[in-house]
Amino acid sequence: MAEESREALLKKVYYENCPGCKVEQRKELQRGLPIKMLVAVWLVVLSAALPISSLFPFLYFMIRDLQIAKREEDIGYYAGYVGASFMIGRVLTSIFWGVVADRYGRKPVIIIGIAAVVNFWMAISTRFLLGCLNGLLGPIKAYASEAFREEHQALGMSTVSVAWGIGLIIGPALGGFLAQPADKYPNIFSQNSIFGRFPYFLPCLCISVFAFGVCIASFWLPETLHKHNGNIRLQDDSFEALETASYGSFANEGKQKTEEQIPKENLFKNWPLMSAIIVYCVYSLHDMAYTEIFSLWAVSPRKLGGLSFSTENVGEVLAISGFGLFVFQITLYPFVERLLGPVMIARIGGIITIPLLSSYPFIAMLSGFSLYLMLNIASVLKNVLSITIVTGMFILQNKAVDQRQRGAANGISMTAMSLFKAIGPAAGGALFSWAQTRLDAAILPGSQMIFFILNVVEAIAVLMTFKPFLTLRHE
């Protein structure tokens, strides 16, 4: 009798015409790696990341050409304000889009977010509006946690963070290669053409075309949100089909409760969720400030402590970093995550980042091939560590809540993260400009002060990964 009761508890209930149940049944039948789903998630996230990052390499030159800054040392301030405007827009709407994703599905929010990017050629002057409409990153994280089997969830979540990271890398590379095409490629683009009159139009156009293709393809994404609404229940007796998701059958003295009958918890009182979000926000602040500072530092003149790189040079470095990040994701990350777990990954990654960033001012003293070699090695390693940390935080956040609140939880995460990332470019640009005024300081002159402050932020994030601050669910 006890075994029969246990068996009844372990049976999964499916509902007819529920898109989420259909995805679960498909997952049970698919034992191999879901390549098509990985590619779909990768493209969706990439389409969201490109418009944010593609401005970075030519933002310095665009502000200079428009003569917005009175002094060259002040360009960093204005670049930071432009970078922050997108994130401020996302702060105001991320929770809204998360709630919409929980009520109406992940897929509609994803499509709306990509459609907003299609108008990027126009939204480059209204990045705040683009941030308000681009609410897909929270739902796509929830989607990735639901669309893959348990053994592939680490790979699915790493796909989101790696695609985002590669987008933040490829975007500047794309901007660097395609900005001012009439000057760089005079045999192809005339100075009298639209690309000569509008030197920063080509990268925006390419991103819009890419986003349009992804938007159309997104209509074929399967919905993962469960919509039972009184539909006929279908029983699945397979023990192999058992998973720990919240939509399963709930038994109590022979009575079953549907998911809709179970009250939703207050997410703000869910400390495992909130602690993971706070740690994620601090890491995000660091990463966004680093992304802003790296491009400004690379293209600024040697006399101001920079590398005097062209936008093409920055594009080459970032393209190599993107390739290294992609290789790491498909080969090593799932193994590392299973071996160490998400919390230990974040700690180790943060600790290694500190001496790595401390080496950047000394790398700037090199020249020629040795400069390119060491800068590429450092850039690849820094981006791999960042994405590893962020992926670990993604996993902790999505494990801290049930499926029916995952969209709202990721909306809260995106709101908080966007606030910190709005501070990141502005603070990074201000820090960069301030550091250039103290090149002759006795203590931590120039870029040494920049990377020292970045290391302080990273150290704070590492300390926050320890108990009692960061806790896991059911601990």
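A residue is called buried when its relative accessible area is under 20%, exposed when that area is over 50%, and partly exposed in between, as judged with a 1.4 Å probe and with protein chains only. The model is a predicted one, in which local features need pLDDT of at least 70 and side-chain atom pairs count only at pLDDT 80 or more, while totals for chains, interfaces and linings use all residues. Residues are numbered from 1 along each chain as its sequence is written, and side-chain values use heavy atoms, with hydrogens and water left out.

The helices come first. Helices are DSSP runs of H or I with at least four residues, strands are runs of E with at least two, and both are numbered from the N terminus. The expected span of a helix is 1.5 Å times one less than its number of residues. Helix H13, residues 201-217, has 17 residues and should therefore span 24 Å, which agrees with the 25 Å between its end C-alpha atoms. Among the buried residues of H13 are Leu202, Cys204, Ile207, Ser208, Ala211, Val214 and Cys215. An α-helix has 3.6 residues a turn, so residues three or four places apart point the same way.

Helix H21, residues 447-463, also has 17 residues, and its first and last C-alpha atoms lie 25 Å apart, close to the 24 Å expected. Its buried residues include Met449, Ile450, Phe451, Leu454, Asn455, Glu458, Ala461 and Val462. What covers the buried residues of H21, where contact means heavy atoms within 4.5 Å, includes helix H14 (271-299), helix H17 (342-358), helix H18 (360-363), helix H19 (368-399) and helix H20 (406-436).

Thr353 is counted as buried because its relative accessible area is 1%.

Rings of Phe, Tyr and Trp (for Trp, the six-membered ring) pair if their centres lie within 6.5 Å, and the pair counts as stacked when the planes are under 30 degrees apart, as edge-to-face when they are over 60, and as tilted for the rest. A search of the whole structure finds 10 aromatic pairs. One of them joins Tyr280 and Phe394 edge-to-face, with 5.4 Å from centre to centre and 70° between the planes. Tyr280 lies in helix H14 and Phe394 in helix H19, so this pair ties together parts that are 114 residues apart in sequence. Tyr280 and Phe394 are both buried. The rings of Trp297 and Phe451 have centres 5.5 Å apart and planes at 80°, so they too form an edge-to-face pair. Here Trp297 of helix H14 is linked with Phe451 of helix H21, 154 residues apart, and both Trp297 and Phe451 are buried. Ring pairs join Tyr290, Phe294, Trp297, Tyr360 and Phe451 into a cluster.

Charged side chains come next. Side chains of opposite charge can pair when their charged atoms come close. A salt bridge is a side-chain nitrogen of Lys or Arg within 4 Å of a carboxyl oxygen of Asp or Glu, and by this rule the count comes to 2 salt bridges. In one, the side chains of Asp102 and Arg106 meet at 2.7 Å, N to O; Asp102 is buried with a relative accessible area of 13%, and Arg106 is buried with one of 0%. In the other, the closest N and O atoms of Lys382 and Asp287 are 3.3 Å apart. Lys382 lies in helix H19 and Asp287 in helix H14, so this pair ties together parts that are 95 residues apart in sequence. Lys382 and Asp287 are both buried.

Two features of the backbone deserve a look. Most residues other than glycine have a negative phi, and most peptide bonds are trans. Ser308, although not a glycine, has a positive phi of about 60°; Ser308 is placed in the loop between H14 and helix H15 (311-331), and it is partly exposed, with a relative accessible area of 41%. A cis peptide bond, with omega of about 10°, joins Lys467 and Pro468, and Pro468 is found in the segment after H21.
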